Amino acid sequence: MRYPVLVASFFASLSVAAALFPLGYFRESASLLRHSISSFHGDQLPMNPGPVQSPISSTPDGASPNKDGGGVDDSTVSISDILPQTRKINIFASLTRDVSTVTTRLESTKPEDNTTVLAPLNSAMQALPRKPWEDRPGDDSGVSAARSEDKAAQNLQRFVEEHVVPTSPWKKGPEGKIKTLGGQELWWEEHDGHRIIRPGNLVVDGIVGRVGNGEVWAVKGVVNYA
Ligand SMILES: *[C@@H]1O[C@H](CO)[C@@H](O)[C@H](O)[C@H]1NC(C)=O
């Protein structure tokens, strides 16, 4: 399969491997949510995320993609291939792996599945007042994510889906208004050379990947998931 298998066989001890590669490369051995939660709390975040190619250097917003960037602007690879390669968004990248609706889409090469992923920076993920799998305040569904793995998985799915814009290229301005997979309507504008996602005024840090089925935008916050 892919590199997780290689890594797992390389390290005799799973715990050693897990310590070196905390960000979701050992999901087979952990339950879905334990995996997400531990990757989210990854104390070892700055460590090498795994034996992937050198991370794609982020291109300044709006600049032409770097042809030597190891995957940028390559139509033979998909978003799911490049998403784990950029360290500054690897918490979010790791969470997407637990959401099958999203992984399927990011692997798809059908033109109608083109996608713009809004990937919050690790700093934004770490600053969240509420973890993506926790219930929103005022949740009246009667089921608590603290007690139900299904509910927690649902919350996580919703969070991830709010960051998946089902189009690429994504048109600028109000005519580009589109609902995320999570259901919120977003559009983006450019101000002083920065892309700003409305209505939440989410600032785009840069486009970190551009491949055949879409783009990955690193963003300095999260889409409202209330
Ligand atoms: C999908 O993305 C590719 C690469 O950017 C682009 O060439 C193609 O026109 C897009 N297709 C649709 C339907 O948006």
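**Close-up views of a predicted model**

**View 1. Strand β7 and its neighbours.** T116 has E215 of β7 as its bridge partner. The model is predicted: local features need pLDDT of at least 70, side-chain atom pairs count only at pLDDT 80 or more, and totals for chains, interfaces and linings use all residues. Residues are numbered from 1 along each chain as its sequence is written, and side-chain values use heavy atoms, with hydrogens and water left out. Strand β1 (residues 115-120) pairs with β7 in the parallel sense, over six bridges. Strands are DSSP runs of E with at least two residues, numbered from the N terminus; two of them pair if DSSP finds at least two bridges between them. Strand β6 (residues 202-211) pairs with β7 in the antiparallel sense, also over six bridges. Here G206 stands opposite A218 of β7. Two residues lie between β6 and β7, which form a hairpin. Six of the six residues of β7 (residues 214-219) are buried, so this strand is largely enclosed by the rest of the structure. Buried means under 20% relative accessible area (1.4 Å probe, protein chains only).

View 2. Seven strands run in the order β2-β1-β7-β6-β5-β4-β3, with mixed pairing. The edge strands β2 (164-165) and β3 (178-179) each pair on one side only. β3 pairs with strand β4 (residues 185-191) in the antiparallel sense over two bridges. K179 stands opposite E185 of β4.

**View 3. The tryptophan cluster.** Ring pairs join W170, W188 and W217 into a cluster. Three aromatic pairs are found in the whole structure. The ring centres of W188 and W217 are 5.3 Å apart with planes at 85°, so this pair is edge-to-face. Distant parts of the chain are linked: W188 is in β4 and W217 in β7, 29 residues apart. Both W188 and W217 are buried. Rings of Phe, Tyr and Trp (its six-membered ring) pair if their centres lie within 6.5 Å; planes under 30 degrees apart count as stacked, over 60 as edge-to-face and the rest as tilted.

View 4. A ligand oxygen is 2.3 Å from an N or O atom in the N114 side chain. An oxygen of the ligand is 3.2 Å from a polar backbone atom of S168. The protein covers 42% of the 360 Å² of accessible area that the ligand has on its own (Shrake-Rupley method, 1.4 Å probe).

Key. Helix = DSSP H or I, 4+ residues; strand = E, 2+ residues; numbered from the N terminus. Polar contact = N/O pair within 3.5 Å; in protein donor to acceptor, adjacent residues only side chain to side chain. Buried < 20%, exposed > 50% of the residue type's maximum accessible area, 1.4 Å probe, protein only.
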